[in-house]
Amino acid sequence: MSTMLEFSEIRNKLRNTLSEQRYEHTLGVAYTASAMAMRYGSSMEQAMLAGLLHDCAKYLSKEESIALLNENGQKPTEIEKINPVLLHARCGTIVARKEYGIYDEKVLHAILVHTTGEPNMNLLDKIIYVADYIEPNRDQAPHLDRLRNLAFVSLDKALAMILRDTVDYLQITGKPIDPRTMDAYTYYRNVEEI
């Protein structure tokens, strides 16, 4: 799919399916990811696409998300049943493919892991994961100023710090931690001292 001329169509469709706040967040992630791709020598087009579409299934209810997974031969995990906000990442890959015509496996994988992370992420995965956390509309996460700087200095250090903060937050609040997040945290926590 040639996307350069279709970014405006994707934005228009997203504007009609996402809340205004979610749409603004989406644009923030897309532009942050594009800048990070420029910095780290990744494809700006892939970063923009994955950034735009990372939350493309966020409008679906828990029931609609589970039905979409079932229709596509997938089942929700136990942790996704307990914490349905996690469903939008897997559903996002389906929506991106079926409703937006995206078949680029790197873009789809970045959408898939943008919420939980995973060990040994590729460059685009890391960019989307970090951009989702640091984009300009975010203001609640700890260490944002430091992370926004660090993201353009050492992507792995920024990733490790975000994973640490995420695991700390989930433990403090007593929320369940997706095993994929723990695996990612375990994998990246030994990145040089952050």
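# Questions on a predicted model

On the other side of helix α1, Glu 9 and Asn 16 are exposed. The model discussed here is predicted.

Trainee: Which residues of helix α1 are buried?
Mentor: Helix α1 covers residues 7–17. Its exposed residues include Glu 9 and Asn 16, on the other side. The buried ones are Phe 7, Ile 10 and Leu 14.

Trainee: Within what arc do the buried residues of α1 fall, seen down the axis?
Mentor: The residues in question are Phe 7, Ile 10 and Leu 14. They line one face of the helix, because the arc that holds them, seen down the axis of α1, is 60°.

Trainee: What covers the buried residues of α1?
Mentor: Other helices take part in the cover. Among them is α6, residues 87–100. The cover also includes α3, residues 44–53, and α2.

Trainee: Which element gives the most to the lining of the largest pocket?
Mentor: The elements that give two or more residues are α2 (20–40), α8 (123–134) and α10 (155–173). With 6 residues, the one that gives the most is α10.

Trainee: How many residues in the lining of the largest pocket are charged?
Mentor: Sorted by class, the lining has 13 polar and 10 nonpolar residues. The number of charged residues is 12.

Trainee: Is Tyr 133 buried or exposed?
Mentor: Tyr 133 sits in helix α8. Its relative accessible area is 15%. A residue under 20% counts as buried. Tyr 133 is therefore buried.

Trainee: What is the C-alpha to C-alpha distance between Tyr 133 and Leu 144?
Mentor: Tyr 133 touches several residues beyond four places away in sequence, including Arg 138, Ala 141, Pro 142 and Leu 144. Tyr 133 and Leu 144 are 11 residues apart in sequence, and their C-alpha atoms are 8.4 Å apart.

Trainee: Why is the pair of Tyr 187 and Tyr 188 called edge-to-face?
Mentor: The structure holds 1 aromatic pair. The ring centres of Tyr 187 and Tyr 188 are 4.8 Å apart. Planes over 60 degrees apart count as edge-to-face. The pair is edge-to-face because its planes are at 70°.

Trainee: Is Lys 75 buried or exposed?
Mentor: Lys 75 is found in the loop between α4 (62–71) and α5 (78–82). Beyond its neighbours within four places in sequence, Lys 75 is in contact with Leu 69, Asn 70, Glu 80 and Arg 90. Its relative accessibility is 61%, so Lys 75 counts as exposed.

Trainee: What value is phi of Asn 120 near?
Mentor: Asn 120 lies in the loop between α7 (105–113) and α8. Asn 120 is exposed, with a relative accessible area of 55%. Its phi is positive, in a residue other than glycine, and is near 55°.

Trainee: Where does His 143 lie?
Mentor: Phi of His 143 is near 60°, a positive value in a residue other than glycine. His 143 is partly exposed, with a relative accessible area of 38%. Its place is the loop between α8 and α9 (144–150).

Trainee: What distance separates the C-alpha atoms of Ile 172 and His 143?
Mentor: Ile 172 is in helix α10 and is exposed, with a relative accessible area of 74%. Ile 172 and His 143 are 29 residues apart along the chain. Their C-alpha atoms are separated by 17 Å.

Key: Residues numbered from 1 in each chain as written. Predicted model: local features only at pLDDT ≥ 70, side-chain atom pairs only at ≥ 80, totals over all residues. Heavy atoms only, no water. Helix = DSSP H or I, 4+ residues; strand = E, 2+ residues; numbered from the N terminus. Nonpolar A, V, L, I, M, F, W, Y, C, P; charged D, E, K, R; others polar. Buried < 20%, exposed > 50% of the residue type's maximum accessible area, 1.4 Å probe, protein only. Arc of directions from axis to C-beta. Contact = heavy atoms within 4.5 Å. Phe/Tyr/Trp six-rings, centres within 6.5 Å; stacked < 30°, edge-to-face > 60°.
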